Structures are given as C-alpha cells and as structure tokens.
Amino acid sequence: MKTLPGDHIPPRNHSAASGFLREHIDEIVLVGMMLGLYPIAVNTQIGWLYLLCGVLLALIIVSITVPRIILKHIMPVKILPPRVFEGDQFQVTAEITNRGKYNAYFLLLKDKSLNTEDKKPERTAGFDMISAGDTSSVHYTDSVSLRGVYPLAGLKVECSYPFGFFPGSRSFQQDGELVVYPHALPLSHGLIRGSEPIHSAQRSARHLAGQSFDFMGIREYQSGEPMKMIHWPSTARAGKLMVKEFRIPSRAALDIMLDNSYLWQAGRGHKNTLEIMVRIAASLGEFLLSHQLSFNFLYQDGDTVTRLQTPGRFIFLEKLARMQSSGKLSLEEMLGQSQKLISKSRPLLIITPEQASPETILSLPHSPNLTYFLLIKATDFILPGQKLPQDADEKKYDSFCRSVNSSGGYGCSVGKDDNPVKILERLLEKLPC
Amino acid sequence: MLGLIWRKLSEKPEVIEESVTFRIIVLASVLCGILATLSQEEWPKISIFVIAGTIFGYWVSWKRKGMNNAWLKLLLTAGAVWAGFDTVNNTFRTPYDPRIPIANLLLWFQCLHSYDLPSRKDLNYSIMVSFVLIVIGATLSHNVYYLFFLITYTILVSMSLYYSTISRLGSLSFNKIKGRLTPGRIFKMSITTIALTAALSGVIFFLMPRFTGFKIRPLPMSWIIHLDITLGKLMNPAYPENPDDSTGRLNARFDKDNYFGFNTYLNLNARGRLSKEVVLRVRTTKPSYYRGMSFDYYDGYGWKNTRETASPLSSGMPPITVDYPPGVEKSMVPQDFPSDSEIVQVFYVEREQPNIIFCAFKPHLLYFPSNLIYVDNDLGLRSPFKLEKGVIYSCISVERSFEPSRLRPTDYRAFRYFYPQYFQVPELSDRVRTLTTGITRGLPTAYDRTVAIMNYLRENYPYDLDIPPFPPNKEVVDYFLFEQKRGYCEHFATAMTVMCRSVGIPARLATGFTPGEYNPFTSYYEIRSEHAHAWVEVFISGVGWMSFDPTPGWTQFPGTGVRKETWPAAILFNWLKSNVFIPAAQKIKNAVSMLPPMPDFMKKEVPAISAIVIFIAGLVVLIVYLKKKKIPLPFFKGAGPQDIKTGRVFEIYRKTEKALARRGLKRAPCRTPKEFRDSLSDRPFIEPLDEITGIFTEARYSGRAPGSEKIMAMEAAWAKFKKLLKLKPAAPAEKDPD
C-alpha cells in the first residue's frame, strides 16, 4: 500500500498517564501558569498579575468554549465505494460541511475508515478554514486485506480554534458498510475447450444486440465497467450510476457445495480454512461465469442448507463476502439435506475441511463418479488454543481422497502451503464440462 | 558518556518549522516581551546585546534549521551556565528583590535560545519564556503605560498561536492545508478573538477576589547604599535653608511640588496648591496615613521640633527593628497589645524626596537600603541620604485598635513630667480656652474630650485652600477659630492640637501623606504632592499615641479608620453608585416631585394596577421569547409541539410542502406525508424528501422529541432538497425493460 504523508505519525505506546501528559502538555502548562500566577499576584498585590491571571483564565474559557460551539455546526460525511475486492485499493472521500453562520477554523478530521482488525494508522486531515455553509473534502486510498462486510468507522473532528489549547472534539457515527469481495485466483483459460471467456462488456454488447440474458436486478456501477452498461433510467431514479445485472440463461453445469460449518474451522486471517474455501469457490465461480457456465451454490445457513441457483457474478461474490462459519451441520448431515437440492446427473464439487469417513461416499445423493472433493486440511491450519473434533488426523484426509478416487470420483486435499491454483486447475481438468 | 552527549546534541529535529511568517511573528512577540521588561528599568547595558542578539539568533536559527548544530548547542549551553552564575551572583547582591536578577536571566535565556529554534515546539517554548518576561515586566511596572505592551503582546502572541496551530495541523495532516488564512486575515481573526478574550478578561479581572498579601518575607528593597550624608538632620531639597520663625510669615516660601510641612519649621502662613505629580507609590495590605515627621512646639504662627537631630539606629542585616532612641522615657509608652495588627507597606519613590522615611505609625520593622537610619524622639524616621527616584523600601507597622468605652479618666501628671513639650501652648486668647472648655465640659476621659474637639472642628469649619494670608502678629488658632473661620489641614490640626493641650491633653502635630489613589491595574496607591497632609497625634493613657484628623472630608481616625476598597468590582460599583445611580435616582425623584399629585382613588388601586402592568409585561416577554425560539403557540396555531427541536422539524416540513405546492405538487389533505412522498418517487429530490418525511413522521407520531443528529440530518436534507428543487426536473422515468 502506498505510504501517505499522514502515516509517519508513530503509534503512541505510552502509559495512560504519560500519554495524557504528552497530549495535554500545553494545556497543563497554561493552567499551571494561571494557578501559579494567582498566589503570586495575591502575595505581591501586583494588579498586572491579576490582569494576566484573568487573561489566562479568559484564554482557557475561550479555548474550551469556542471549538465546541464550532463543532455543533460541523457535519462530516465519509464516502466509500459500496463494494471492493480484498487487497484492492479504493478511494475514500471525507467531506466536512460547515452549517454554521460563521467560518470554522482549525479543524482536524480523524478517520480510521473501517472497523477492521488491521492496525491501521488513523488518517488525519487538517482544514485551516471552512467558510459558513461551505464543504471541504479530502481523498485518500485505502485497502482491506480480508473479504467480509465492514461497518464504517465513525469520524472524529477536532477543532483547536482559536489558540490551539483544549481542542474540542466530536465523534460522528457513520451508517453503512463496505462489502469486500474475496479475491479470485486467475486460472488458465485453456482448461475448458470450446468455451471462450466472456467479459462484462461482451455481455452488455450481446444484450444490446438483442441476445437475451435473464434479467436479475439492478446494482450500482463499478469503476472500470464500460459506460455502455449504465442503465440511465435507473440512474436518474437513484441519483447514482446503476447497471443491470444479468444471469446467463444456461442451465447449471455444476453444483458447488461449501461446507461452512463451524466444527472444522481452524486458522486465522488469510490462513483460515473458511478463507481458503471461499477463495477457491470465488476463483472457480469467476472462472465458470467467465466461460458462460453457470452453477448452483450450496452452503449452510445455521442448521439448514441453502441453495443459490445459477447466481450472477456479483450476487455470488456478495454471498461469499458475507460467508461466515455459522453452519451447524456435519458434512453427512449437509449431504443428507441437499438430496432434493442437487441434480443426480450434475457433477457435485464439495469443498470441506471435514475429515469425512469413507462411508460418507455412500450417503452421496448421486453417483460417486460425479463427485469431486476438495478437502481443506484443517489440521494444517490449527493454531494453539483452537480445537478440532477429537478424531482429527491429517492422514485421514489422504485416505479419504484415495477412497473417493477409487470409487470413480475425484478427491484432493489442500494443505496450508499448497498452491490452490494448481489444485483447482487439476480439478478443472477432471470436470466433464 | 561524552559520546552519548555529543550524539544527543547532534540529533536533528524530526519536524522542521518552515513558515517564515510564523518565525517573524514569534520574534515580534519575543521582542515585545523583552522590551516590556527592559522598559521598566533604565535600559540596562545588556539591552542592546539582548535585542540585537535575539534578532540575529532568529536569523541564525532559520539559516541552520536543518543542520547539525552540536557546536552551537554546546556554546549555548556554556552561555546558559554563565547566565546562571551571573544570576546567582546578582541574587546574592540583592537578596531582597530577586526580580531584576530573574529578569536578566530570562533575557539571556531568551537571547541564547533564539539561536536554536528548528521546530514549532522550540518556537512555542520561546513564546512561553516571553510570557514569563511579560510577567516579570508586570511586577516591575509602576504605571498604566504597561497596558500598551500587554495589548501589543497579546495580539502578537495570539497570531503566533494561530500560526502554531496551523503548523500543528499541517504536521498531523496527510493532506495539504489549503492556506486560505493570509497574514491579514489572521490579524483580523486575532483582533476578533482578542476582543472576546479581553472582554472576558476584564470581567474576570473585576470579579477576581483579592486577598491580603505580603505573607512571604523578606520584603522588597533596593540595593544597600553605604552612605551617610545627613548625619540625622532633616534634608529637604526644596527647602534647603532652615526658615526662621520670625521672617516670611506673610510671604512664606511655597513650592508646589514639595510640601512645606516636611521641614524644620512649618509656617502656617504658607499658601498655595500642591501639584498632582506622583511622588510615591505604595503597595500595602491596608491603606493608612503615612507619617513623615511631627512637631511639638507651637509659637503661635508655626510649628517646629524642639529636637532637630535624630539618633542613629543600625542593623547588620535588614530588617531594622524600630524603637525609641536612647534617652526617651519608654515606661510611659504602652507595650504591644494582643489586638495589634500588622500593616505591610512597600514604597517606591517616584520623585526626589527629603530624607524622611514615610510609613504608617507605629513603625516596627524596616527593610531599608541602608544599614543605618536615624530616629527622632517621636519615632520619626530619617534616611542617611536623600530619597532619590527609584529607591524601594518596605515597612511593617503596627496598628492598634482599642475599645474607647473601656478607657478610664487619666492623670497626665507623670507624663507631663517626662514630656512637657506636648503640653506647651503659647499665650492663648480667653475665647479659645473658653470655647475648648465649653466643648469638653462633662466628658470623663481624654479620649472623649479629644473626639469632641475634633468633631467640633469638623462640623463647624469648612476646608478651604484659597484663604488669604493671616495678618501679621495674629495668633493663628484664635484668628482661624473666630475671624477666618475656614482654612486648610494645617490650621485644623494646629487648632485641635492647641485646644487639646489647653485642656491638659498631650498632643502633637504630624505631617505626612494620606493614602493616595488606588490604581486597580498596578495595585499601587499613587501618592501625589497634593496628598501631603497634617493631622494630630494625641497620647491616650493605656493606649499610646493615637492619630486624629480634624480636617473635614478626611477620615477621623487615620490609625484605624481608613477603609479603601481594592476589589475592582466594588470600586466599579462604588463609582457607578456615586456617579450614575445616585444622580439618576435624584433626577427621577425631582421629576416625580414635579408631577401633579395622584388622585386619591388611583392611590387606592396602585397595587392592582401594578399587578396588571407586570402581568402584561411578562406575557409580552414570554410571547416574544417563544416567537424568537420559533415555538408554536397553542392558542395561535392549534395544538403543536412544545419542544424547540420538534418545532424546527415541523417548520422544515411545512417549508418543504410550501415549496412543493409552489411547483404544483400540493399534498391533498387526505394523503399522509408518506403517501405524498411515495407519489413523488420519480422526482430527483426524492432522496432528501424521503429523509425529511421520515424524520417528520417520526417526530410527529412517535411521541419522542428528535435528537440533535436528526435535526442536523433534517437541516442537511432541507438544504439538499432546496438545491435539487432549483434544478430542472428530471425527465419522466423510462419504463423498465423487465
């Protein structure tokens, strides 16, 4: 990430008392001088000292009062794109509007942008003056390293007008959230013969040429998309650029099942079983959609299995962005519930961290030779303090894969240090589509 | 270790201050602080070095702001050590007034520090030191001209603080501060905020309580002068020759700047008005009469002291404990009372004075810039040299209070034996004796008789400075009481002294200064030449010498009765009372007295009429207030919200409806606000309208007053709505393809 001038401010790792002293040294000196001057004035009976004492007290009162009055009329707003991909840089705009009758001076905007767990420095932007009724804005870039849905962090505005002492500050909650899509890994296009990748622009061009796609809904315009895709009537209604989302009308070629049960989750951050599964699903989904192949997506939602039928790109990505290890079902239970949701003639890809027993193959709803297993080795990701079910054993993953392969299906395991791209490409070679 | 120190000295600051304007403004503030301090002294030799050195230092700082200044810092440290030693040396020379050494030290520190100011933090330290210099200057200042420095300094420092804040914002921000604040605008801003701060400072200054001070010893005094040129004799530069009592009665010498009472002979035929020139400034815990000398012999035309010389009184180290000189019978003088209280006074001589040490009676401890003083038989103090301008001395006097009703009739025979001079009277006319006897008849104690004589004079004779000279060979008391019947303080004091003596009460005439005028800014009592005064000291058995002032217009009991307000708020109130309230009340009273008398029937109804008037006035005030706050009144507009915030929400919604109605989009009475909003969903202003409708609906039907955030959101939506409404309406929406 690009380093910004504001980033040089080192984080303050002082104790609470020394931190307070460092932060308020000016104020402490000012109050100390005032309190020290008064007894001297009393003892020496020098009127000027009373006056200077009064000046210092007045200065303190003005310094405390004025910024707080100014801040009453300040309204900051943060503007972010609603959706981004993890790791990508995006622009954040922070606007401050002065709704008061008088000019506002010496404002310092503090923004953490997002409530992420990353230890990001606070962005501070200074404004020497914002005229009455005027708006000033600053822009900076940010990025989020992990997919998810992040609530916007509040903004804090500090005002140190007029003398720089006792700066007043006010926090402003920001409604809204930022959806961060998982990053899809690029896969080789030659894996699927007879099927060329199709881009958004082509989809739009086909739409304009009369080839019909299934209309799915309207979504906000993403930067980088062709201008032709903008749906102007919707844009006029919404007041912002909108595009239409289409679904490729073909039938689903594959069922992708993602086992997001909490039982076998291990690891942290990017090295987490769920993150690996989500990334694999995203990569696969993006690849299939770019080759005009649709799929159904199954996942656990509490103690039920939910199916997303032939989703469009952004709907699929959003679902993955919001994916949590909230499932309560074992793989066997999940397969049991999925009987009615999947077609027996369609290949089924199961992405799971669970060490399924060879008997699990028997509970499959259709022929084992149409079943593909991607086993994420949870034992590889386990961290101190984390627990897996008692029978967890790394060797079982391989033995299960062998069982699957011997029954005509395909199974492979993904370890912590494995390259998921290679494994995915191997898998795609096996897929009948 | 040395390597560590060298590395520390070689460290470069993290953030360099680049603003030249900021540096110039700070330099101006610093120079103002330096000048404010230096101007209180007679421009000491270091002045030019400090001023030029500081300016040069700022230039050096700017030029070397990003460089390794280790050598420079080493030199500066050496300079600071030298300044510290110099201060210690000076402090030993003047242990009773450390202000000058401290001022010198700060001046040198300020000058040395100016050579190493790379960052904002250093410039802020510079401002802080300049403030301390301003404080030191304030302690040295004697007059109101210091206000000029204070105002200038306040403007410059506030501008410096502005630049400092801008610099801080810049250092914290990742964005570039736009720099819309030009020096001119900053100057205007500082004037505005200073006006606000000054107004508030004034209020605080007036209300700030002022407790009795001078609790810390020692008290200030000038550097000790080892000089004795008077040998205990009175030395008055304005009256160098001792006038003879037999000459010059008609044309007695008079110097308007010097009181003729500070002399070996007080000629009662001297005429003239003393000038308003400030001669002394006094800082005291309690204002009182400052006694210079006393006279015990009256020759019918003037006063003189029977003992011209005084006895030496010395001390190795200040303070000098004041006591009667050897040869004075002390057994007659009562010792200290438990009820005695201290009066601390610090005197600053503003103009050359005779070698009289003025202080409140009775002096106890004296911090004087000499190890030797002289004291006369009446505890009058003399300096061994003339009091030149700039001499500072302090005195702690003892004030005696007593209960007059507990005094008993006194037999003065023993006292007369030791002090016959206090009973001396010339040949008096019978009418003077008769008058005095008549005034004091039947009164049991000497105190009662003294007070009776004093009150008689105060009540029956006016004060007049413009009387003609008394005729030659006319005894002054007789002529004053029965012929002239008016006079000035010396005539009143002479008359009372002689009248007291004529009825056997020991008395003497004292001269000195009245408390002067209090200046709340400097806290000094400013004593002018015209404040020179004469009063009477009477010996009261069991109490001692007590002061009485028979001159009308002055306080009766100078020893205990002087009360002057020093709290500025009370001073202001007293001034308003005497100059505004009382004259205004008098004028109203006069105007009312000119009105025809009120008819009887109206007089009966006055309470009822007053009640109605007050009720109507209160109602009007309430309506105006509610209107101003935009709170709808239930009896004017039907039931409405009583809360101010809710009122604002209603008002904005009403405005929104009106604005829409003007464009032909009127809400039908049967439609709810929500339905009305839904009907306009294809309009470009739907977003703010949606927000306005939502907040209004919540405020109207939820029963809760909206919070400040909602009000701000409503205001924001209203602003946006107005903006969008002014735009051309969007084209009708296309039909969706689906």
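Is B:Ser523 buried or exposed? B:Ser523 is buried, because its relative accessible area is 4%, and buried means under 20% relative accessible area, exposed over 50%, and partly exposed in between (1.4 Å probe, protein chains only).

This is a predicted model, in which local features need pLDDT of at least 70, side-chain atom pairs count only at pLDDT 80 or more, and totals for chains, interfaces and linings use all residues. Residues are numbered from 1 along each chain as its sequence is written, chains are lettered from A and ligands numbered from 1 in the order in which they are written, and side-chain values use heavy atoms, with hydrogens and water left out.

**Backbone exceptions**

Most residues other than glycine have a negative phi, and most peptide bonds are trans. Helices (H or I, at least four residues) and strands (E, at least two) are DSSP runs, numbered from the N terminus.

| Site | Backbone value | Loop |
|---|---|---|
| A:Phe166 | phi of about 45° | between β8 (155-159) and β9 (168-172) of chain A |
| B:Pro318 to B:Pro319 | cis, omega near 5° | B:Pro319 between β6 (311-314) and β7 (320-321) of chain B |
| B:Phe361 to B:Lys362 | cis, omega near 5° | B:Lys362 between β10 (359-360) and β11 (363-367) of chain B |

A:Phe166 also counts as buried, because its relative accessibility is 19%.

**Chain A**

Chain A has 11 helices and 20 strands. It has 433 residues, and 54% of them count as buried. Contact means heavy atoms within 4.5 Å. Among contacts in chain A between residues at least 6 apart in sequence, 71% join residues at least 24 apart.

**The interface of chain B and chain A**

Here 65 residues of chain B are in contact with 66 residues of chain A. The area buried between the two chains is about 5,700 Å². Carbon and sulfur atoms give 67% of that area. Buried area is the accessible area (1.4 Å probe) that two parts lose on being put together, summed over both. B:Phe174, B:Arg180 and B:Met712 supply 14% of the area that chain B buries against chain A, more than any other three residues.

The count of salt bridges between the chains is 1. A salt bridge is a side-chain nitrogen of Lys or Arg within 4 Å of a carboxyl oxygen of Asp or Glu. B:Arg168 forms a salt bridge with A:Glu158, and the closest N and O atoms are 3.0 Å apart.

Six elements of chain B each supply at least two residues of the side that touches chain A: α6 (120-140), α7 (146-172), α8 (183-207), β2 (278-284), α19 (686-701) and α20. α7(B) gives the most, with 12 residues. By class, this side of chain B has 35 nonpolar, 18 polar and 12 charged residues. Ala, Val, Leu, Ile, Met, Phe, Trp, Tyr, Cys and Pro count as nonpolar, Asp, Glu, Lys and Arg as charged, and the others, Gly among them, as polar.

**Helix α20 of chain B**

Helix α20 of chain B covers residues 708-726. At 1.5 Å a residue, its 19 residues should span 27 Å, and its end C-alpha atoms are 27 Å apart, which agrees. The expected span is 1.5 Å times one less than the number of residues. Buried residues in α20(B) include B:Ile711, B:Met712, B:Trp718 and B:Phe721.
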